[in-house]
Amino acid sequence: MTDAYLARIGKLIRDARQHRGWTQSQLAEALGTSQSAVNRIERGNQNISLDMIARIGEALDSEIVSLGYAGPMHLRVVGGRRLSGSIDVKTSKNACVALLCATLLNAGRTTLRRVARIEEVYRILEVLGSIGVRTRWINDGNDLEIVPPAELDLAAMDTEAARRTRSVIMFLGPLLHRMDHFKIPYAGGCDLGTRTVQPHMTALRHFGLEVTATDGTYHAQVDRSVAPTRAIVLTERGDTVTENALLAAARHEGVTVIRNASSNYMVQDLCFFLEELGVRVEGIGTTTLTVHGVATIDRDVDYAPSEDPVEAMSLLAAAVVTESELTIRRVPVEFLEIELAVLEEMGLDHERSPEYPANNGRTRLLDLTVRPSKLRAPIDKIHPMPFPGLNIDNVPFFAAIAAAAQGQTLIHDWVYDNRAIYLTDLNRLGADVKLLDPHRVLVEGPTRWRSAEMMCPPALRPAVVVLLAMMAAEGTSVLRNVYVINRGYEDLAERLNSIGAQIEIFRDI
């Protein structure tokens with residue numbers, strides 16, 4: 001490589017390391033090399049192989065360079081433009097990955113409609129394909145057909161793809177019905193601090209699953225003599241924990257009661273899908289689910305997951321920060337009612353259409369028109385709660401909205417260890433965001449946004465928040481290495497351009 005390329009790669013590595021909050025010594029330890037070698041690499045003073053670049057990218061969970069195709073994707077944003085027109089909300093990312101995991105329960109053919117074509121889905125499809133599940137995009141790439149093999153080949157699992165998604169943890173529930181011994185890699189995903197998998201293990205132990213973790217792998221063993229003898233009380237009202245318990249209960253012949261269950265949107269979609277598979281679920285939308293499981297499932301099913309409330313919130317925030325009038329169609333309003341109530345208190349001018357059903361026949365949708373508004377800071381702090389409270393994933397968008405409002409807003413993101421820290425990246429774009437502790441930030445508005453060039457935060461929602469702020473900032477901004485955004489949003493830049501944004505995708509290596 002030329003000296004210029006070495007310098008550019010070194011800068012990307014340094015930025016990714018610093019964004020992860022690591023020292024050179026910590027990166028060196030992860031790579032099994034010396035701190036001085038990392039220092040030379042970051043200054044562009046050491047030749048570096050593609051294998052080493054790939055190892056660094058894996059250690060930092062950052063796409064430093066992509067082997068086999070062009071380098072990391074960046075966005076160049078010309079801000080200060082008004083959005084206009086209308087845009088449809090895509091189907092739920094979190095529902096789609098749960099449904100893909102749930103197809104392992106079914107011996108028949110599953111067709112999922114309007115599946116989100118995002119990196120998180122691609123990683124799960126790579127894992128499924130590697131163990132023998134046949135998947136193909138149909139109907140001009142809008143829908144997905146999944147056909148499982150008679151026997152899964154877990155020994156052939158694509159561990160690299162599995163480690164890049166936290167959703168692989170939801171293989172535990174279906175797989176415990178198919179084999180007595182198996183292993184899967186540690187769950188990955190966004191860098192959101194410590195996220196224990198213990199609640200999953202506690203719930204699945206009722207079905208005879210025991211897991212030991214060594215060398216980056218979960219080793220699972222199933223005792224067929226063990227079955228739930230009483231209600232399962234989840235120690236955490238988490239979405240994926242509830243989904244894993246549902247997946248285990250679905251093929252446990254008999255009745256399983258799950259208490260302290262999440263009733264969030266992706267859990268409801270999974271319940272609706274299980275009903276299509278012949279599994280009766282009582283209490284959908286509540287914190288107590290009663291599952292009437294069946295020993296075998298062999299059905300050809302066709303299901304359409306509902307729209308994504310977090311994407312709807314993203315688009316709503318885009319309209320607010322750019323002071324635009326925008327109609328957001330197919331909004332799953334029952335999962336945004338608290339957010340809209342808070343925004344009404346802040347002074348949001350908006351209009352709602354009559355409600356209509358989603359394609360799953362169950363979720364309530366409406367069209368939402370947002371208009372430029374004089375916002376004021378809310379009296380109470382912004383904090384998430386399990387559904388029907390303010391959605392955990394919608395909290396970061398309130399940082400951008402609060403920056404556009406008059407006054408001080410306290411945001412308490414108590415769920416994740418360090419996601420709130422990434423919201424301070426808005427300061428580089430002109431915001432006044434003070435970090436009070438790892439969970440709380442104080443946002444002072446209104447903001448005169450300014451352009452900047454910066455590295456994409458390694459967490460999905462804060463990354464999109466930074467992109468929205470760049471759209472509001474006069475001038476040209478650059479957001480580097482946006483793989484994390486592609487994990488959760490399909491063609492986001494192109495879709496924002498269709499309503500008036502000016503965002504260019506480019507690569508520099």
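This note goes through the overall build of the model first and then a number of individual helices, loops and residues.

1. The structure is a predicted model, in which local features need pLDDT of at least 70 and side-chain atom pairs count only at pLDDT 80 or more, while totals for chains, interfaces and linings use all residues. Residues are numbered from 1 along each chain as its sequence is written, and side-chain values use heavy atoms, with hydrogens and water left out.

2. The protein contains 18 helices and 23 strands, where helices (H or I, at least four residues) and strands (E, at least two) are DSSP runs numbered from the N terminus. Its radius of gyration is 23 Å, close to the 23 Å that the globule rule gives for 509 residues, so the protein is as compact as a globular protein of that length; the radius is taken over C-alpha atoms, and the rule is 2.2 Å times the number of residues to the power 0.38. The C-alpha trace spans about 60 × 60 × 45 Å along its principal axes.

3. Of the 509 residues in the protein, 58% are buried, a term that means under 20% relative accessible area, with exposed being over 50% and partly exposed in between (1.4 Å probe, protein chains only). The protein exposes about 19700 Å², of which carbon and sulfur atoms supply 46%; accessible areas come from the Shrake-Rupley method with a 1.4 Å probe, and for residues only the protein chains shown count as cover. Among the contacts with a separation of 6 or more, 73% are between residues 24 or more positions apart, contact meaning heavy atoms within 4.5 Å.

4. Helix H2, covering residues 24-31, has Gln24, Leu27, Ala28 and Leu31 as buried residues. Seen down the axis of H2, the buried residues fall within an arc of 100 degrees, so they line one face of the helix; the arc is that of the directions from the helix axis to the C-beta atoms.

5. Helix H11 (residues 265-276) reaches 17 Å from its first C-alpha to its last over 12 residues, which is close to the 16 Å expected at 1.5 Å a residue, the expected span being 1.5 Å times one less than the number of residues. H11 is mostly covered, with 10 of its 12 residues buried, including Tyr265, Asp269, Cys271 and Phe273. The helix is followed by Gly278, which has a positive phi near 95 degrees.

6. The structure holds zero disulfides, a disulfide being counted as a pair of cysteine sulfur atoms within 2.5 Å. Cys96 is accordingly in no disulfide, and the nearest cysteine sulfur, that of Cys101, is 11 Å away. Cys96 is buried at a relative accessible area of 2%, and Cys456 also counts as buried, at 6% relative accessibility.

7. Two cis peptide bonds deserve a look. One joins Phe387 and Pro388, with omega about 15 degrees, and Pro388 is in the loop between strand S17 (364-371) and helix H14 (395-403). Another joins Gly445 and Pro446, with omega about 0 degrees, and Pro446 lies in the loop between strand S20 (440-445) and strand S21 (453-455).

8. Arg114, a residue other than glycine, has a positive phi near 55 degrees; Arg114 lies in the loop between strand S3 (110-112) and helix H6 (119-130) and is partly exposed, with a relative accessible area of 29%. Arg330 likewise has a positive phi, near 65 degrees, but Arg330 is found within strand S14 (residues 326-331) and is buried at 17%.

9. Leu75, in strand S1 (residues 74-79), is buried with a relative accessible area of 4%. Leaving aside neighbours within four places in sequence, Leu75 is in contact with residues including Leu467, Val478, Ala493 and Phe506. By contrast, the C-alpha atoms of Leu75 and Gly285, which are 210 residues apart along the chain, are separated by 39 Å.

10. Leu435 belongs to strand S19 (residues 432-437) and counts as partly exposed, at 39% relative accessibility. Beyond its neighbours within four places in sequence, Leu435 is in contact with Ala420, Ile421, Thr424, Arg440 and Val441. The C-alpha atoms of Leu435 and Tyr422, 13 residues apart along the chain, are separated by 9.6 Å.
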